[in-house]
Amino acid sequence: MHTDLPLARDRSSTLVTVLVAVMVFLAVLAAAGGLALDNVLDRWTRDVAGNLTAQIPPVPGLGETAKAATDERVARALDVLRAQPGVASVRALSGEELTALIEPWIGAGEVLEDLPMPRLIDIVMRPDAVPEVDPAAMGEALRAAVPGATLDEHRLWLSRLLDLGQAVGLLGLTVVLVIGAATAVAVIHATHAGLATHRPVIEILHMIGAQDDYIARQFAAHALLQGLKGGAGGFMLALPVLAGIGVLVGRMKGGLVPSVGLTVVDWILLTTLPFAAAGLAMVTARLTVLRTLARMP
Amino acid sequence: MMREADDEGPEDGLGSGGDGAAVVRFDQVGLRYDLGPEIFRDIAFTLDAGSFHFLTGSSGAGKSSLLGLCYLALRPTRGAVTLFGRDVTRAPRTVLPRLRRRMGVVFQDFRLINHLSAMDNVALPLRVAGVPESDIRHHVPELLAWVGLADHLDARPPTLSGGQKQRVAIARAVINRPDLLLADEPTGNVDDRIATRLLHLFEELNKMGTTVLIATHNEQLVRRFPHPRLHLDAGGLTCLPPLPATDPAPAAAAGPQRPRAGQRPV
């Protein structure tokens, strides 16, 4: 594109390129962290159906009588649990589900039919109640109703961890937004400086019949170029850092933590960041020029 | 001449043709800078389409300010200025580009853009009007050659002499065949031969319909080209008939201004 304003020679020009590079570098890291965390949380959430699991010991003995007694215990436990504060729903796992859970260890077959198996109850808490749930009190109430029943609370901790993770993920998004705002402010200042520096040329252009748009286009094209240059630089800098973190995370695999990683969609999202920064710089420059010129006599 | 359709009401039947319609009209115009004294009082004149006027007056009489009112760098503090049939006294700045594209202005200080080549400087009015680059590459060198700068197409203004800069400025003012040409001392930095040549260029444009107003204090030039004069004096403006032509072949043509005494053989 032809330009009449030597914007590329301005000192603030390099400054904006460097700033955009730094901003994109930080934004890519923050976004990558947020997205990876989101992926982890996704897997955890998928693994966990309810928040708590209650285990009801079977009434000893075989035959219909014992089974009916166990069913009665389960029904009692369900009533007690349903009455607990913050409980959204409770559900006793069916015989087939229990069999499916044990099959990997014991093997399929008639033998399962005859084993006195403990029953499991899946408890789903209301999401808003999760932080206040006191599993100790719930377990107390359960044991009072059904002696020997236990409450497995690991998943409650996990759901609290999920909340924390989501908050951290949200923080990543906030960081990206703040970085965007900071970039816009930098571009606004650089544009003001450019307008002041080139005021004489802009006046000549006006006298010759140039519309504000003609001048704004040149500033916008320049800002776009700076944004693309800085964005590409920042993105390139972020790649080795991400790779390094990836190696560290890879060593942790096989532990308790589900595999951490970025999907193809995540990478596409990250790649749009430098372009988004360039677009933001362009639009900001354009609006700044139009607003400033509109105030000229 | 081709012209974009006017977006004015029915009272604005003014075109470019030499039908005597007013291109510039001042009604009781007064001008003051900030709170200073009024430098113009009740200035009233009309430039009909296709007319050719000199604007005379001593240094400091306000010739540049009057031109500034015409190309809307200045707004009158009193009275009304009408351009191309449109009252522009309080026109919003968004309408100015369209009006300015119908004018060519030669500034006294040239106002060339120093980092652009002569070629790009002259091309500016076409570029801001969105003329295709192929046309620009065709017309601009042609005009620069005509004003004698064929060898300086790529020269930047700081490397040009005063007279060369002036010719670049004039080329920029006339490149888009303006309806109104305003020139502030356009021959102040060139020798007499080139001054005459430039005046012929202005007359040429004038014959094609351009309204011309030239501010000058070169009386010799005013005598050689018999056009009516607008004379500024003490904040007022009077319309004067053309000065009578002097000896058609002045011997001391290249001499300083106002060589009246030495010009006539005693």
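**Helix packing and chain contacts**

Me: Is the crossing of H2(A) and H5(A) left-handed or right-handed?
Reply: This is a predicted model, where local features need pLDDT of at least 70 and side-chain atom pairs pLDDT 80 or more, while totals for chains, interfaces and linings use all residues. Residues count from 1 along each chain as its sequence is written, with chains lettered from A and ligands numbered from 1 in the order written. Helices are DSSP runs (H or I, at least four residues), numbered from the N terminus, and a crossing is left-handed if the near helix is turned anticlockwise from the far one by less than a right angle, right-handed if clockwise. For H2(A) and H5(A), the crossing comes out right-handed.

Me: How are H2(A) and H5(A) oriented to each other?
Reply: The axes (lines fitted to C-alpha atoms over the stretch in contact, with angles from 0 to 180 degrees between N-to-C directions) of H2, residues 64-83, and H5, residues 135-145, in chain A come within 9 Å and cross at roughly 150 degrees. Over 145 degrees counts as roughly antiparallel, so H2(A) and H5(A) are roughly antiparallel.

Me: Which residues of H5(A) meet H2(A)?
Reply: Contact takes C-beta atoms, placed from the backbone, within 7 Å. H2(A) brings A:Arg76, A:Ala77, A:Val80 and A:Leu81. Facing them in H5(A) are A:Ala141, A:Leu142 and A:Ala145.

Me: Which helix gives the most to the side of chain A that touches chain B?
Reply: In total, 12 residues of chain A are in contact with 15 of chain B. With five residues, the top contributor on the chain A side is helix H7 (residues 199-208).

How values were computed:
Helix = DSSP H or I, 4+ residues; strand = E, 2+ residues; numbered from the N terminus. Parallel < 35°, antiparallel > 145°, perpendicular 65-115°, else oblique. Contact = placed C-beta atoms within 7 Å.
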